[in-house]
Amino acid sequence: MIIGNNYLNILVVEDNPGDFLLMEEYLRLSQLPINKVNHAADMSSARALKEEAKYDIALLDLSLPDSSGIDSVKNLNRLFPDCPIIVLSGMSSIEVAIDSISVGAQDYLVKGEFNEKMLAKSIQYSIERKKTLQNLQLSHELYEIVSKATNDILWDWNILKDNFKMNDNARDLFGYPTENLQLNFFFDHIHPIDVDRVRNSLFYHLENKVRSWQEEYLLRTTSGLYKDVLDRGFILFDEEGNPYRMIGSITDQSERKTLERKLYEQKLNQQRVITEVTIKAQEKERDELGKELHDNVNQILATVKMYLSIMKSNQELNDNLLESSFEYVNEAIEELRKLSKTLATPTLGDTSLRQALENILHDYNISNEFHVNLEYEISDEIKIDNKKELTIYRIIQEQLNNIRKHSMAQYAKIILKDINGNLSLSIVDNGIGFDTSKSANGIGLQNIRSRLEFYSGNMNIVSSPGNGCELEITMPYLYD
């Protein structure tokens, strides 16, 4: 059954020599694989044999000169705690058998009422039973250790009896009793929005023989507070495939869920700010475009229309008016070209970032509003990511527009560097400056911030009234 090729060391504690000789004969006839049989006539002799061998089974007479009754079982169990014990007695009282097993024996045989086959079966049974008890004890010890080492609620559900047992964390975290609970106790404490889903999920796993089960839900404490929990279980099935036991753990994840919700709300708020800034920037751009079209291009075309109307009614003035109309139309075309250039994405695929920036500076420098210099310290051999290239271009374009409109500067300088693959951008002007504690949140600067956020960039403004302004930009990973 269980012994196989393992040779047994057997200890017989028997004070009657005749009974010992009979036991030896039974052991020989049992055909068990036996290595050694040691004999002790009393408990003291058994103690002396403790170092002789590691015994696989002990056969114990309850009536010894120096020990008797269940005390003998207790004494021998203390001497050999890992050795299974079979009690031998001349009494057939069932009370003696039950008492012996309750204090550590694995089986009970009445002298004169067993043979070699019964003895062999009892020995094999006792060895197996001892191993099972030791494994159960080890499992219980591990359960106790895990219970103390974790904040989770560990639970054990006897499905056949519908009885729950939990560790002390159930009481500490939720105020629940730890034993003699039924499944409906949990269903009664699950939030109404979750209870049907959890119940259906659990019974689906039981009916379809799915071993691992897991659900998240809100569980009410005895104080009425709901906590976010993660419940995980493992289902045990018998040989016929019927569930008979389920063990698992409940993890309180309320703190993590709260942090997740706060993080989600922060992201939503951040997205709202970015969207708002983007919309304002778009509206501002449309407003600027409308002003340019109305105040400039529209006036030019209105003048051309007037000239054409005069020519229509007075043929003598055609030559002069036609020449003037031609010049105004060219001027309108040039203005529209400039507007289109500020709105359209630069074609950096056909030209370098350096050339695109120099084109901007050329337009500013010929306008004589203020003079701009460019210090471009990024190697032309480096291929910058197209989206980051466009972001750099737009940031510089935005800040130069801010300088033109607000700073009254005569001079500005752009310094662009690659420092170990990271962008360093500085835009300096000698304008009137401003108090950064009061005026650093304009639409233009907010637009720059929103562009930088997509690339985890940073922005710093150094300015004060009368001392110009320096915009410092850093962007990680300038190129891929």
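How many helices and strands does the protein have? There are 14 helices and 18 strands, taken as DSSP runs (H or I, at least four residues, for helices; E, at least two, for strands) and numbered from the N terminus. Before zooming in, please keep in mind that this is a predicted model, in which local features need pLDDT of at least 70 and side-chain atom pairs count only at pLDDT 80 or more, while totals for chains, interfaces and linings use all residues. Residues are numbered from 1 along each chain as its sequence is written, and side-chain values use heavy atoms, with hydrogens and water left out.

**View 1. The whole protein and its confidence.** The mean pLDDT (the predictor's confidence in each residue, from 0 to 100) is 83 for the protein, and 86% of the residues score at least 70. Helix α8 has the highest confidence, at 94, and helix α10 (residues 318–343) the lowest, at a mean of 71. Where pLDDT is low, the predicted coordinates should not be read in detail. Of the 480 residues, 40% are buried, meaning under 20% relative accessible area, with exposed over 50% and partly exposed in between (1.4 Å probe, protein chains only). The protein exposes about 28,100 Å², and carbon and sulfur atoms supply 50% of that area, computed by the Shrake-Rupley method with a 1.4 Å probe. Take the contacts (heavy atoms within 4.5 Å) between residues at least 6 apart in sequence: 59% of them join residues at least 24 apart.

**View 2. An open sheet of 6 strands.** The strand order is β10-β9-β8-β13-β12-β11, and the pairing is antiparallel; two strands pair if DSSP finds at least two bridges between them. Because β10 (179–181) and β11 (212–220) each have a single partner strand, they stand at the edges, and one side of each is left without a neighbour in the sheet. On average, neighbouring strands are turned by 25° against each other, direction ignored. Helix α8 (residues 192–207) packs on this sheet and touches β8 (153–158), β11, β12 (226–237) and β13 (243–252). The direction of α8 makes about 160° with that of β11; axes are lines fitted to C-alpha atoms, for helices over the stretch in contact, and angles run from 0 to 180 degrees between N-to-C directions.

View 3. Lys257 sits in helix α9 (residues 254–313). Is this lysine buried or exposed? Lys257 is buried, at a relative accessible area of 18%. Leaving aside neighbours within four places in sequence, Lys257 is in contact with Glu216 and Asp228.

**View 4. Ala105 in its loop.** Ala105 belongs to the loop between α4 (94–102) and β7 (107–110), and is buried with a relative accessible area of 1%. Not counting residues up to four places away in sequence, Ala105 touches Val73, Ile85, Val87, Ser100 and Arg129. The C-alpha atoms of Ala105 and Ser126 are separated by 8.5 Å, with the residues 21 apart along the chain.

**View 5. Two buried cysteines.** Cys83 is buried at 4% relative accessible area, and Cys469 is buried at 8%. The structure holds 0 disulfides, where a disulfide is a pair of cysteine sulfur atoms within 2.5 Å.
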